[in-house]
Structure formats: structure tokens, C-alpha cells
Amino acid sequence: HEPLTLIPPNFDTPLPPLQPAVFPPEFRDLPGPPLDLFDLDDCFSSEKVRLAQITNKCNDEDLEYYV
Amino acid sequence: MMNQLAIKDGEYTATIYKKIRNGQYAGAIEILNLELQKQPQLRATLSLLAYCYYYGQDFLNAADCYNQLSQLCPEVDDYKLYYVMSLYKGGDYQTALRVSFGIENPAYQAKVQKVQAAIKYMEEDFASAKGLVEQSSDEEDPDNVINMGCLLYKENQYEKACKKFQQAIQLSGYKASLSYNIALCYYRQKQYAPALKHIADVIEKGIREHPELSVGMTTDGIDVRSVGNSILLQETALVESFNLKAAIEYQLKNYEAAGEALTDMPPRSEEELDPYTLHNLALMNMQTKPTEGFEKLQFLLQQNTFPSETFGNLLLLYLKHEYLDLAADVLAEYADYTYKFLSPYLYEFIDAVITKQTAAEEAFRKLDEMANRHIDTLRKLTKQVQEARDMHDEMAVKNTVNDYDEALEQYIPVLMQQAKIYWDRENHAAVERIFRKSVEFCNEHDVWRLNVAHVLFMQENKFKEATGFYEPIVKKHYDGILDVEAVVLANLCVSYIMTSQNEEAEDLMRKIEKEEEQMSYDDPDRKVFHLCIVNIVIGTLYCAKGNYDFGISRVIKSLEPYNRKLGVDTWFYAKRCVLSLLETLGKQMLSIRDAVLHDIIQFLEHCELHGRDIPVSNAPPSLTEGPVAPDGKKCVAYEARLLKSLFLEYTGWL
């Protein structure tokens with residue numbers, strides 16, 4: 001084994017600096033799609049209701065179509 | 001079908017639109033999908049479904065719906081456009097571009113160009129993106145102005161980019177995101193003061209207009225619920241701004257302020273965090289939470305996208321913690337990232353350091369090549385500074401000096417890694433030679449001066465020269481001497497003593513003692529080891545020179561009071577001296593006074609008493625699960641008892 005020596009200090013080996021992250025500037029694209037408006041009760045209602053609706057809309061002249 | 005989804009006739013419109021209005025997209029999607037099963041290809045259902053998917057950020061399904069719609073209603077060009085948008089948002093840039101070419105309606109040309117530019121931008125084909133933005137006839141369109149700014153930013157033309165963002169504010173009014181962009185441009189030009197000013201504007205506005213976002217509450221220790229990643233949060237640009245603030249404080253080495261900027265941010269739960277925040281949290285808490293930091297960075301690397309800094313930082317942190325195998329593994333596993341995310345300098349440096357552990361000669365050669373190139377650059381810059389001075393061009397002098405400083409900061413790590421190879425072999429003369437060669441560039445550099453001091457010190461015959469390097473470091477911090485590394489103070493004391501300047505050594509030690517007393521008065525919980533280390537180093541010096549009488553008494557004194565000074569490292573160095581004395585006594589090269597022997601035995605008894613829970617070495621963090629059974633022989637108390645028995649044996653008192 002070695003004889004007692006002075007206490008060796010730490011040799012400083014700095015590293016290249018670490019880099020924090022930053023958000024890049026945001027590129028502008030198009031605005032999102034708009035909300036289309038539909039009468040969903042017209043589309044989704046059960047057959048019975050829809051039949052009733054059609055009935056209500058019809059008058060005598062449509063009789064042929066209705067039947 | 002009677003379940004909770006059943007909706008009464010006549011209430012479809014109200015129910016579904018209410019869900020959409022409240023942002024309950026998942027709920028609306030569930031109902032709409034049921035209806036789609038009953039009546040496939042119904043425009044109303046598909047349109048609303050597409051909308052819900054799009055705003056619920058499910059762009060894949062949104063694209064599918066808009067595709068069906070564009071076939072169902074080929075006359076509606078909007079559907080084609082939203083199909084393209086969904087594909088682009090979902091990251092399918094190739095398909096998005098192909099579909100965009102199918103929109104022929106001239107009224108849509110501007111819109112199509114805009115989205116095509118965005119696609120090219122995301123693909124990092126900045127030249128094509130620029131071409132598309134420049135084709136736009138509307139130079140007053142704020143979006144186009146902003147996009148030109150983004151493209152200039154990507155070309156590192158920060159000053160011009162900044163002007164574009166300022167112009168956009170004039171055209172469309174104040175927007176937090178634009179103020180953020182401006183701050184970002186200043187940050188890239190290292191103009192931190194104006195950057196911080198613009199960030200402060202964003203934050204102040206965010207706090208004033210949206211107290212519900214709980215800015216600063218986490219830092220104040222208030223437990224707040226996540227505010228979620230809402231569109232509102234996005235519009236305030238607060239997350240972006242706090243990350244930028246943290247980055248600036250980090251660059252300025254105000255690490256506490258950097259950490260605070262991150263906790264000031266509107267609170268979100270960890271799984272909601274964006275990659276930038278996650279990255280910065282990892283980086284800025286590395287001192288206190290290294291394990292979590294490594295986990296976060298490794299996690300990010302496995303994602304599709306992550307901040308470009310992640311790769312280099314993870315590798316450098318591996319080097320810092322000497323996980324060289326891990327660094328080599330990551331470098332091999334992600335070979336394609338090497339070129340994308342590492343500068344040639346960073347790659348060469350990391351590669352050389354990793355090589356060190358398997359082939360030191362090879363590593364030295366690689367580092368030497370790098371160092372020579374850096375020296376060339378530094379010489380060239382020195383000449384340029386001189387030329388600019390001769391021309392009295394103040395601006396050029398300033399810029400070239402900045403370039404020189406940057407080049408020096410790149411050179412120092414290379415040089416020190418090179419020197420370390422010799423240092424580890426205790427070839428101090430060779431280390432000194434390396435430093436002599438670099439003196440013309442580095443003699444003002446703190447790290448260089450410190451290491452020169454160390455290497456002169458270790459040669460044991462250059463204490464006068466070592467004093468010349470240690471002394472200015474200490475003098476610089478004379479008002480806060482405890483900010484100086486303890487070993488620097490200790491080595492300066494030793495250097496004084498070895499050059500017969502004992503009074504200077506005593507002055508310095510009194511100064512340290514006084515400051516430690518003041519500190520323990522101001523902050524009783526804080527542990528300070530400065531005087532302790534100074535005494536151990538001096539004690540070791542005397543022991544090494546054979547003056548055990550004085551040396552050992554120093555070492556013994558250094559550990560008082562034992563409950564505060566006895567630790568892993570202090571015991572390691574104290575024990576070295578005691579063992580050395582034992583050996584010398586055993587060889588009958590020395591005899592020692594009984595009073596000293598008595599002191600040593602008493603000292604060892606104190607260590608036995610206070611060292612029951614102190615391990616003799618800092619084990620590396622265990623990779624295996626579960627607690628490890630404690631080893632009774634690996635504590636200070638055991639070793640102290642063993643040493644005591646050896647002394648008793650020696651004295652024949654046993």
C-alpha cells in the first residue's frame with residue numbers, strides 16, 4: 001500500500017452547459033371547422049314521430065304522394 | 001333501446017348541441033355513433049361527429065368523418081379542406097398534402113396555401129413553407145406576417161423575426177402569444193432584460209384576467225387542482241412564458257428563480273404536462289431529484305416528438321454522473337438522433353469522454369484533435385479582436401470578444417477532460433505541461449486557475465506557486481468565505497504553512513471559524529464542514545511529514561463536536577491518519593507521548609459512540625429492489641472499535 005499522502009482535491013471537469021427548452025413560436029394555420037347547424041329532431045326521431053310530422057305537413061294535394 | 005343514452009323524440013337537437021357547447025365531446029360522440037349505426041352516411045351525424053372528434057383532439061377519426069363527408073357532398077369544398085386540416089393535425093403530412101392538391105376551387109386558394117405552408121413547416125421543409133407564404137398576395141394578413149416571423153426565427157434571423165411579430169401586433173392588436181414570440185426572439189439574442197419585460201407583461205395580464213388559473217399558488221405552498229390543458233390556458237401563453245422565464249433564469253445561473261418560475265405556472269397534473277415543461281422540470285431539479293430527472297428525460301426520448309435539447313442534455317447528464325455505459329448505450333440506440341440533435345462539437349466531445357473508460361489513449365487523441373482546432377479558432381479570434389481595436393470599431397470589438405468567450409467556453413471542457421486523463425494517473429507534471437500550453441487563452445478562466453492551483457499543490461514542491469493561484473480565488477470571495485470550496489481554503493492554508501507563512505494560515509482559519517459561528521447562529525440547521533476539512537487537510541499534511549504529534553491533534557480537533565462533524569468523508573480522512581500512525585509505530589520508526597496515545601483512544605471512543613449509524617462509504621444507489629440488510633462491520637463505530645483495540649494492543653495495556 002501507499003504511504004500517507006496529501007488529500008487530493010477534486011479536479012474540476014466542467015461539461016458544456018445544459019440547455020433549457022423553450023416553446024418555438026407557433027405557426028398559424030387555419031381556424032378549426034365551424035359547427036354546422038342541423039335540426040337533429042328532424043333526422044333522428046323514431047319512425048312514428050317522423051310519419052306524424054310528414055302527415056302534418058301534407059295537405060290534400062299531396063295525397064297521392066303520401067299514399 | 002332503453003338505456004341512459006336513450007333520448008326522447010324532440011330532444012335530440014337540444015341534448016346534443018348542449019353537450020357540444022359544454023365541451024362534452026365524448027358524450028356527444030357516443031350518441032352520434034349510435035345514430036350513425038341506424039342511418040349510415042347521414043350528413044348531419046357525420047358533420048357533428050367530425051366536429052366533436054376534431055375539438056376533442058382525435059384527428060384520426062375526424063379525418064375519417066371529413067373524408068366520408070367530402071365524398072357524400074363533393075360540392076362542399078369546406079369538407080375537403082377540413083379533411084386536409086384533420087390529416088395535418090393528426091401528423092399525416094403526406095396524405096394531407098396530396099388531398100390538398102385536389103381542392104381546385106380558386107376561391108379556396110389562399111386557404112389551401114396557408115395549410116400547405118403549415119404542413120411544410122411541420123415537415124421542417126422551411127424553404128417550401130417560405131415559398132408558399134411569400135406567394136400570398138395579402139401582405140396585411142396578420143397570419144402571414146406571423147408565419148414569416150416563424151420562418152425567420154427558424155433561420156436564426158431573430159431580429160427580423162421580432163420585427164414581424166411586432167408588425168402583427170400593430171395589425172391585429174395585442175395577443176399574449178405574440179408578446180411571447182417577441183420575448184423568445186430577445187432570448188435567442190441573449191437580450192434577457194427585454195425578454196423578461198415582455199414575459200412579465202404576459203404573466204401580469206394572465207393573472208389579472210384569469211385568476212382562476214392559479215398562477216403562483218403552488219410556489220406559495222397552496223395545494224391547487226389542475227387547471228387542465230384548456231384552450232383558455234393556451235391563449236394566455238402562460239405555460240410558454242413561464243418556461244421561457246425559467247430558461248432565462250437558468251442561463252443567468254439563478255437556479256432558485258428558475259425553479260420558482262416552473263412552480264409559478266398554472267398547475268397541471270404530471271400526466272398533463274407538455275414535453276417542454278417536463279424537460280425543464282427534469283433539468284432544473286437535477287440537483288435535488290436526479291432519479292426523477294433521468295426518468296423524465298428517458299421518457300421524453302421515447303416519444304415521437306420532444307424538445308430538441310433533450311438528447312444532448314441526457315447524454316451530458318450521464319457523463320456528469322459518470323454513467324458512461326448508459327451514455328454509450330443511448331448513443332448507439334438512437335444513432336439517427338446523433339446528427340439531428342447534436343452539434344458536431346457536442347457529438348465529438350461526448351464520444352471522446354465515453355471512449356475514455358475503454359481506451360484512454362484513443363480518447364486522449366480525440367480530445368487533442370478537438371483542442372487543436374479550438375486553439376486555431378481562439379488564435380484567429382484574438383487576431384480579429386486586435387484588428388477591430390486598431391480600427392476603433394467598438395461594435396466589432398464587442399461582438400468578437402463575445403465570440404472569443406463562447407469559443408473559450410467550448411474549449412475548456414475539452415482541455416480539462418484531456419488533463420483529467422493524466423490527473424487520474426497522478427502524472428501531475430504532464431497535467432502541468434498541458435496547462436502551460438493553454439495559458440495564453442485561459443489564464444483568466446476560473447476553472448483553469450483552480451485546476452492549475454490543484455496540480456501545483458499536488459506536486460508538493462510548488463507551494464509558493466500554488467499560493468499564487470489559490471489566494472486570488474479566496475480573496476475574491478473574502479466577504480463570504482464559506483462560498484469558497486472547503487478544499488481550496490484548506491490547500492491555501494497548507495500552502496501558507498509550507499512556505500512559512502503560518503500567520504496568514506492562522507488568519508484565514510480564524511476568519512473561517514468566525515463565519516461558521518455566525519452561520520450556525522443565523523441558521524442552526526445548516527451543516528458547515530469548512531473548518532473541519534481545513535483541519536483534517538492540515539492534520540494529514542503534518543502526519544504525512546511525520547509530525548504525528550501535531551497532525552493527529554489537528555485531526556482529533558477537526559471532528560468536534562462529533563455529532564455534527566463525524567460523517568462518511570470526514571471519518572475516511574481521519575482514519576487514514578490514524579492508520580498511518582499505527583503503521584509507523586508498528587515499524588518502530590517513531591515513539592509517541594503517552595498523552596497523545598491517550599487522546600487518540602479517547603477520540604476513537606467518541607467515534608464509536610457517535611458512529612453507530614454512520615456508514616463507512618457512500619454506496620452507489622442500489623439498482624435492486626428492496627432494502628439491503630445492514631452490515632454491522634461497515635459502520636464507523638465498528639472501525640473505531642477495531643482501531644482502538646489495535647492501539648491498546650500496541651501499548652500493551654490489553
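Helices here are DSSP runs of H or I with at least four residues, and strands are runs of E with at least two, both numbered from the N terminus. By that rule, chain A has three helices and zero strands, and from the N terminus on its elements run α-α-α.

Before going on, some ground rules. This is a predicted model, in which local features need pLDDT of at least 70 and side-chain atom pairs count only at pLDDT 80 or more, while totals for chains, interfaces and linings use all residues. Residues are numbered from 1 along each chain as its sequence is written, chains are lettered from A and ligands numbered from 1 in the order in which they are written, and side-chain values use heavy atoms, with hydrogens and water left out.

One more point on chain A. Buried means under 20% relative accessible area, exposed means over 50%, and partly exposed is in between, using a 1.4 Å probe and protein chains only. Of the 67 residues of chain A, 33% count as buried.

Now chain B, starting with the annotations. Residues 371-398 of chain B are 89% helix and 0% strand, and the end C-alpha atoms are 25 Å apart.

Next, some backbone details. Most residues other than glycine have a negative phi, and most peptide bonds are trans. Which residues of chain B have a positive phi without being glycine? One is B:Lys190, with phi near 60 degrees. B:Lys190 is in the loop between helix H11 (176-188) and helix H12 (192-209) of chain B, and B:Lys190 is exposed, at a relative accessible area of 53%. Another is B:Ala237, with a phi of about 55 degrees. B:Ala237 is in the loop between helix H13 (231-236) and helix H14 (238-251) of chain B, and is buried, at 1% relative accessibility.

Helix H13 of chain B also holds B:Leu232. B:Leu232 is partly exposed, at 27% relative accessibility. Contact means heavy atoms within 4.5 Å. Not counting residues up to four places away in sequence, B:Leu232 touches B:His210, B:Glu212 and B:Leu213.

The peptide bond from B:Glu560 to B:Pro561 is cis, with omega near -10 degrees. B:Pro561 is in the loop between helix H30 (548-558) and helix H31 (562-565) of chain B. Helix H31 of chain B contains B:Lys565. Is B:Lys565 buried or exposed? B:Lys565 is buried, at 9% relative accessibility. Leaving aside neighbours within four places in sequence, its contacts include B:Glu516, B:Phe529 and B:Glu560. B:Gly567 and B:Ile614 are 47 residues apart in sequence, and their C-alpha atoms are 6.5 Å apart in space.

On to the core. A nonpolar core is a set of buried Ala, Val, Leu, Ile, Met, Phe, Trp, Tyr and Cys residues joined through side-chain atoms within 4.5 Å. The largest one has 237 residues, and those with the most contacts inside it are B:Phe311, B:Ile350, B:Phe435 and B:Phe647. Helix H23 (residues 394-424) of chain B gives the most to this core, eleven residues. Domain 1 (343-444) and domain 2 (565-654) of chain B each give at least three residues to it. Domain bounds come from an automatic or database domain assignment. The C-alpha centres of domain 1 and domain 2 of chain B lie 44 Å apart. As for B:Phe647, beyond four places in sequence it touches residues including B:Val578, B:Leu597 and B:Leu604.
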